[in-house]
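Subject: Structure handover

Hello,

Here is the structure I said I would pass on. My notes on it follow below.

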Amino acid sequence: QVRVVESGGGLVQPGGSLRLSCAASGTMFTIDAVRWYRQAPGDVRKLIAGVSSRGNTNYANSVKGRFTISRPNAKNTVYLEMHSLNEEDTAIYYCLVQARVGPTPQLDYWGQGTQVTVSS
């Protein structure tokens, strides 16, 4: 089992920045990929950024150039640096960790989400 905990959300003014953290913990697991999703009120959950075990990253067009996903030293914490935030970035942000525990097949592990509100 892998436990995933997001943190770093909060209230920020338009044009501001935040850094979200996604910490994975457990026993004998290997992370294959980590992805950040967000879900705005009344909308579906959408993929916005991802990082593979090799460090390859990808972004949704809506955040490209403003958000940066990183996994320093391939550790079990992934960050999402968010800059130039606007009200459309207001959402609950979720972290998905795709991991294998021992010899078992890859499974998806979700965090509980962290609220980001962009408002003046």
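To start with the disulfide: the torsion about the S-S bond of Cys22 and Cys95 is about -75°, so this disulfide is left-handed. Please keep in mind that the model is predicted. The sulfur atoms of Cys22 and Cys95 are 2.0 Å apart, and the structure holds 1 disulfide. Cys22 lies in strand E3 (residues 18-26) and Cys95 in strand E9 (residues 91-101), so the bond ties together parts that are 73 residues apart in sequence.

Are the two cysteines buried or exposed? The cut-off for buried is under 20% relative accessible area. Cys22 has a relative accessibility of 1% and therefore counts as buried. Cys95, with a relative accessible area of 0%, is buried as well.

Next, a residue that touches both cysteines. Val4 is found in strand E1, which covers residues 2-7. With a relative accessible area of 6%, Val4 is buried. Leaving aside residues up to four places away in sequence, Val4 touches Cys22 and Cys95, and also Ala23, Val97, Tyr109, Trp110, Gly111 and Gln112. Val4 and Thr77 are 73 residues apart in sequence, while their C-alpha atoms are 9.4 Å apart in space.

Now the chain as a whole. What does its secondary structure come to? There are 0 helices and 11 strands in the protein chain, and the pattern along the sequence is β-β-β-β-β-β-β-β-β-β-β. The radius of gyration is 14 Å, close to the 14 Å that the globule rule gives for 120 residues, so the chain is as compact as a globular protein of that length. Taken along the principal axes, the box filled by the C-alpha atoms is roughly 50 × 25 × 20 Å.

Of the 120 residues, 42% count as buried.

Regards

Technical notes. Residues numbered from 1 in each chain as written. Predicted model: local features only at pLDDT ≥ 70, side-chain atom pairs only at ≥ 80, totals over all residues. Heavy atoms only, no water. Helix = DSSP H or I, 4+ residues; strand = E, 2+ residues; numbered from the N terminus. Rg over C-alpha atoms; globule rule 2.2 N^0.38 Å. Buried < 20%, exposed > 50% of the residue type's maximum accessible area, 1.4 Å probe, protein only. Disulfide = S-S within 2.5 Å. Contact = heavy atoms within 4.5 Å.
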